[in-house]
Amino acid sequence: VTLRRALEDSRNIPAVKALAELGPQTVIDYAVRFGFPSNLPPYLSLALGAAESTLIDVTSAYTAFPNQGVRMTPYAVTRIADRDGTVLFEGRPEPHEAIRADTAFVMTNLLHGVVLHGTAAAAASLNWPLAGKTGTMDEYTDAWFVGFDPAIAVGVWVGYDEKRPLGPNETGAVAALPIWMDFMRAYIDRYGDRSNPPTFEPPGNIVFVTLPN
């Protein structure tokens, strides 16, 4: 199975084999560049989500893919002003170089495949340039979908405060993706231009080649 197809289908064994080939420490070093802590456990199960993280951290990590490798740290407070309208504080996202622009585009292209014909294929009905990844924890205790278009990254997590099963077959595609799609549909309807949709622009050093069957 190709790496692309494995990612699209959320296959576990290829993910573990890829981590084993790269080495856990290499993966952890990259994770730190995406804003995750450096004390991640150096085990093969890391490829399957053995290390927990917050929704805001995962969504922040995904911003690097459509943003040419630059990760943006989100902020909660947009602006603080006094009663006279004088701005006392204005929040701004902090940029962090995570990966090269060409690597980011390749990842975006792979994650676009997840929406086109993978576990998130339902999102293709939005008819918009989208990419992302579903996530499902053991015993269906957590369901995830984090995705993006060329302008915005959005994450959805479904679970309980105390870890317990959501229910049979409550995967990321079933429990989290529909919520993400509802948000993106409203976002596209309000801010998007259906007559001139955005695109994931490749860097100049990306070359597309058609391979024979």
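Tyr62 touches Leu111, Lys133, Val146 and Phe148, leaving aside residues up to four places away in sequence; contact means heavy atoms within 4.5 Å. Tyr62 and Lys133 are 71 residues apart in sequence, and their C-alpha atoms are 9.7 Å apart in space. Tyr62 belongs to helix H4 and is buried, with a relative accessible area of 15%. Buried means under 20% relative accessible area, exposed over 50%, and partly exposed in between (1.4 Å probe, protein chains only). Helices (H or I, at least four residues) and strands (E, at least two) are DSSP runs, numbered from the N terminus.

The model is predicted: local features need pLDDT of at least 70, side-chain atom pairs count only at pLDDT 80 or more, and totals for chains, interfaces and linings use all residues. Residues are numbered from 1 along each chain as its sequence is written, and side-chain values use heavy atoms, without hydrogens and water.

Helix H4 (55–62) also takes part in a pocket. Together with strand E1 (70–73) and E7, H4 is one of the elements that give two or more residues to the lining of the second largest pocket. H4 gives the most, with four residues. The lining has 18 residues, of which Thr59, Thr63, Met72, Ile152 and Ala153 lie nearest the centre of the pocket. A pocket is an open set of points on a 1 Å grid over the protein atoms alone, where a 1.4 Å probe fits, with protein on both sides within 12 Å along at least five of seven lines; lining residues have an atom within 4 Å of a point. The volume of this pocket is about 350 Å³, counted as the space filled by probe spheres set on the points, which are joined across faces, edges and corners.

Among the buried residues of H6 are Trp180, Met181 and Tyr187. H6 (residues 172–191) has a kink of about 25 degrees centred on Pro178, the bend being the angle between axes fitted to the seven residues ending there and the seven starting there.

The loop between E5 and E6 holds Glu139 and Tyr140. Most residues other than glycine have a negative phi. Glu139 has a positive phi, near 60 degrees, and Tyr140 has a positive phi of about 55 degrees. Glu139 is exposed, with a relative accessible area of 62%, whereas Tyr140 is partly exposed, at 30%.
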